[in-house]
Every structure is written in C-alpha cells, then in structure tokens.
Amino acid sequence: MKSFAVADDQFPKSNDKKVVDCSKSNAFPLFNTIFFAFFFSVISYLFVTFRQKIHTATPLYLTLSEMAAVVCFVASFVYFLGFFGMNFLQSMPFPDEEEDDELEETNAKEIIHSTNSAGCVTKISDQDFLTPLPKSTTAVECLTATPEDEEVIQAVVTGKTPSYSLESKLGDCKRAAFIRRQALERITGRSLEGLPLDGFNYESILGQCCEMPVGYVQIPVGIAGPLLLDGMEFSVPMATTEGCLVASTNRGCKAINASGGATSILLKDGMTRAPVVRFATAKRASELKFFLEEPLNFQTLASVFNKSSRFGRLQTIQCAMAGKNLYMRFTCSTGDAMGMNMVSKGVQNVLDYLQSDFPDMDIIGISGNYCSDKKPAAVNWIEGRGKSVVCEAIIKEEVVKKVLKTDVASLVELNMLKNLTGSAMAGALGGFNAHASNIVSAVYLATGQDPAQNVESSHCITMMEAVNGGKDLHVSVTMPSIEVGTVGGGTQLASQSACLNLLGVKGANKVSPGSNARQLAKVVAGSVLAGELSLMSAIAAGQLVKSHMKYNRSNK
C-alpha cells in the first residue's frame, strides 16, 4: 500500500479557536427597546382581555383587535428568538477549515494505527501523515491496491495469471495473499471483511503449511492448569471456540493436583505406513508376505529403510492379505517429528529394493489405508499408532466432594453405563470415553498438530474404579494412537511454537531425540484425564446443562 506523505507545515499548529465577533449585532439598541416594550404590551393586553372573558363567561371568539394583537405577539416572539438564538450561536467557537483538516488527519492516523479486521496496520512516523480518511472508511478499505497491483488483480480475475503462481511471480508472499484476496472478492462478489490479512508471516507457510492463502482464522487460546503430571507442572494451552471446555478441563486439573497429581506411561512409539501391492496370484502375494515376516530378512530390510533418515528406525512389518493383494504395515520411530513423511520415504526405499526380487509386484499405492491415517480403524485401536499412552490418578474422596461436587459411587456407575455400556450399544470404535476428542482437538490446534489426526488420536477408553475401601476414585485413560510432533508442519508457526514453548517441548530435543514429542503425548493424555474427570462429574451431579448455559452462551 502506498501512502502519501504531507509536510507538517501544511497543517496548522495553533490550537486557537476562531470566534465570530457578534458585537455588531447590537448596533440598534433603540430598535430593540421599542420591540421589548411592544412585545410585553401585547402580552399584557391579551392577558387582561382573555381573563375578563373567562370571568364573564363570554365566548372566547377573537375580535379584530385581538387577532391583530396575536399576530403582533407572534411576530415579536419570532424576532427575539432569531436575535437571541443567532447571538448565542455566533458567540460559540468553531474550528476553521484548516483545523477541521487537522482533526480529520488525527482521526485518520488513529484509524490506520489500529488493528482491524483486514489487518490494516500501518506504521507512521511523527513527521508523516496519511491522506485523511473519510468517516465512512472501513478497515478493509485501508488496504488499497496500487496501479501495479490492479494490473495483477485483473490478470488473476481474467484467468491470465493463475492464482497459485502469485508467490513465485511476485516474490512477496504477503502481497500475493492481498492480490489473491482482492481477486477472489471480485470474482465471487462476496466480501472477506472480518478475515484478517496483516499480522501474519506468510513466508513461514510457503511450501509446507498452506497454499493460496488469503488471510488467517483467529482462534482464542485458553490455559488449563497447572496440571501436575509425573511430578511436573504444565500449563496446557487449548485453542477452542467451545465455551466451558477450558474451564471444565481446568477444574479437572485442580482435582488432580489436590490429590497428588497424575502418572503417565508410554507404551509404544511408532508411526505407521501401509502400502498395498498386487500380484497375479494370491500364492505369489503370500510369498512376499512370508519373506517380509521372516526374522532373518528384517535386518536387511531395516538397513534399507533407515537410509531415508537419521531418526527413522524400522521397528516392525505387519502384513495382511485380501486375495492377491498384500498390505504391508511398516512401523518406525520418528524422533520428535510426527513422522508421516519420514516413514513414507523409508517405505519407498523398501519397495524399490523389493522390486528387484519381486519384479512382478505391482505397487498400487504408497498408502493402502491399513496404516490407518485420519480414519477410525480397529488396527490403530488394537496395535496403536504414534504414541500409546496410559495416564492415571487417584482422586481423594474429599476432593471428589468439594471440587467435583459429586461422589465416588456415582462416578463409577456413570462411567460403566455411559462410557462402557453406552458406547458398546452405539458400536463405538475407540470411543469409550466422554469427550476425549474435545481436549485433543484443542491442544492440537494450539500446538500446531495436524487437526485431522484428531480422529485416531482421540481413541480412548476411560476407566473408573472405587479404591481404598470405596472412599477414593481411581481414574485412568488409555490412548493407543496419539499422533504428535514438536518439529515440522504447523509446529514452526509463531503462535503454535509459543504454545509448545509454554509446555517446554518446543522443537527437537538434541540430548534425547524424540523426548519432546513423547512428553507432549503424555501431556495430551493427562489433559484428557482432567477433561474426562470434570465432565463426568458435571453429568453425575446434574450440572452439565447449567454449566453450558453459564459459560457457553453470550450475555451480550
């Protein structure tokens, strides 16, 4: 956006107000005196006349002289109203045109400096001013296209320049987003006002996070905690638009802390990819299956797989057949990365290697859905994918009563009938919980994880049992497929990186590769434990609807 600077000396510096001299309006004192006398004489005449008619019960018809008196009264009243009214207005100070310009200029600076829905934030020095904006100027109108921009916008609108190529052609990611946004509004005839553009580093997403950007969506981030997990406290960032969620999770954290904290155990750590290949016969497909499952061949296959990365290490190969089609589920460690790309590269290396011994192998796809990614699947529920974590805590009886406002017996019964029996009645797959997906999604959005992997990452079974003679509550969550990373993808964006830093797991752990991602998975499980505990308590106490009406409904 080009701004037009105006020199300081073109604007008045003085704050003096121009006052109109109204002394000349009193140039005829004798004339005013006559009108005063005439005015009050007419009022007196009318008052006496009408009073006499009322006392004598005479009809209030106006005689010719009385009509003349009324006309004179109105005329005198209009004269004095005009005289005193104009005299009062003229005595008020009014800014002149130059001072109006100065005020408009100040308002324009305030508008430009303020952050608005279009992200129009322009820095202006004390010596420079922007051209004054009219009062009707909106935030979006601050972003003005230059003649050069207009030429490019028209090329995009007409289809001459592809929208996806703007970054490479212009060499300016933010300008490309602005031009794409303008072209989109003109093509669709719909405004994007409210979708911010400024305040975001578009270079940071180029080639890895998002294509053809036109702005960014704002999601509020709340903090639940501190969560006492494995002897350490964590303030858990949660990005959500669902009222009551952060407050509920925070209450669960409070109950866990008051009972001595939670404990987590990492059971497995391995990302999967399962290509599908086809042979002419099922017999031939089975030969490859036996070859892959032979322990003597694993070391050779692992060395081929591990060439793709210094962190990716092949762990297992699990095969399944469907006729003459073979599905091979590779599992490998991926360091602090979530690891989908890492495991895919390793799998491709193995497929290329196998092609020499099995030239009749037809590779149908690098992913055959036996992985299984971004879909609810029994293989993930049973075998695990990513990080498999169990998190538990013993909540004391007094904490259940004072903090959670319920009792142990009610929670145990509700968990059995809702999370276990009710989910079984619904035919749930990995959904034996109250709302694990709520917490997983919120933490994933805040920390730059792939939100679509919330599907399998939310696989969870919540267990509750009375312990210590029925006084205290043992609660646990078992989550076999938490897919998280602390490097790559959205984790490198400024906001998400800040949330990871808050948890102490930002970036790669150079001392112990993979430790940060594993710790993040444990925090996710601990947060789910807190969320499950609080929601189940609200349901058991009959407070769910009341809480949502209080925190999930605007009072504005």
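**Legends to the close-up views**

**View 1. Asp149, Val152, Ile153, Ala155 and Val156 are the buried residues of α4.** They cover an arc of only 160° around the axis, so they sit on the same side of α4. The arc is taken from the directions that run from the helix axis to the C-beta atoms. An α-helix has 3.6 residues a turn, so residues three or four places apart point the same way. Pro147, Glu151 and Thr158 are exposed on the other side of α4. Buried means under 20% relative accessible area, exposed means over 50%, and partly exposed is in between (1.4 Å probe, protein chains only). The buried residues of α4 pack against α5 (166-170) and α6 (173-188). The model is predicted: local features need pLDDT of at least 70, side-chain atom pairs count only at pLDDT 80 or more, and totals for chains, interfaces and linings use all residues. Residues are numbered from 1 along each chain as its sequence is written, and side-chain values use heavy atoms, with hydrogens and water left out.

**View 2. Helix α4 (residues 147-158) from end to end.** What span should the 12 residues of α4 have at 1.5 Å a residue? They should span 16 Å, and the end C-alpha atoms are 17 Å apart, which agrees. The expected span is 1.5 Å times one less than the number of residues in the helix. Just after α4 comes Gly159, with a positive phi of about 90°. Helices (H or I, at least four residues) and strands (E, at least two) are DSSP runs, numbered from the N terminus.

**View 3. Asn380 in helix α11 (residues 378-383).** Buried or exposed? Asn380 has a relative accessible area of 0%, so Asn380 is buried. A polar atom of the Asn380 side chain lies 2.6 Å from the backbone oxygen of Ser372. A polar contact is a pair of N or O atoms within 3.5 Å; within protein, one must be able to donate a hydrogen and the other to accept it, and residues adjacent in sequence count only if both atoms are side-chain atoms. Neighbours within four places in sequence aside, Asn380 is in contact with residues including Arg329, Cys371, Glu456, His459 and Pro480. Contact means heavy atoms within 4.5 Å.

**View 4. The loop between β7 (362-365) and α11, with Ser372.** A cis peptide bond joins Cys371 and Ser372, with omega about 0°. Lys374 lies in the loop between β7 and α11. Phi of Lys374 is positive, near 60°, in a residue other than glycine. Lys374 is partly exposed because its relative accessible area is 32%.

**View 5. Gln449 in the loop between α14 (436-447) and α15 (454-457).** Gln449 has a relative accessible area of 8%, so Gln449 is buried. Which backbone atoms does the side chain of Gln449 reach? One is the backbone oxygen of Thr447, at 3.2 Å. Another is the backbone nitrogen of Gly485, at 2.8 Å. Leaving aside neighbours within four places in sequence, Gln449 has contacts that include Tyr444, Glu483, Val484, Thr491, Leu500 and Leu520.

**View 6. Asn468 in the loop between β10 (460-467) and β11 (472-482).** Phi of Asn468 is near 55°, a positive value in a residue other than glycine. Asn468 counts as exposed because its relative accessibility is 52%.

**View 7. Leu206 in the loop between α6 and β1 (221-229).** Leu206 and Cys173 are 33 residues apart along the chain, and their C-alpha atoms are separated by 7.8 Å. Neighbours within four places in sequence aside, Leu206 is in contact with Glu167 and Cys173.

**View 8. Pro226 in strand β1.** Gly225 and Pro226 are joined by a cis peptide bond, with omega about 10°.

**View 9. Cysteines Cys460 and Cys499.** Cys460 is buried because its relative accessibility is 0%. Cys499 is buried too, at 11%. A disulfide is a pair of cysteine sulfur atoms within 2.5 Å. By this rule the count is 0 disulfides.

**View 10. The chain, with 18 helices and 11 strands.** Of its 556 residues, 43% count as buried. Take contacts between residues at least 6 apart in sequence: 71% of these join residues at least 24 apart. The chain exposes about 29200 Å², and carbon and sulfur atoms supply 59% of that area. Accessible areas come from the Shrake-Rupley method with a 1.4 Å probe; for residues, only the protein chains shown count as cover.
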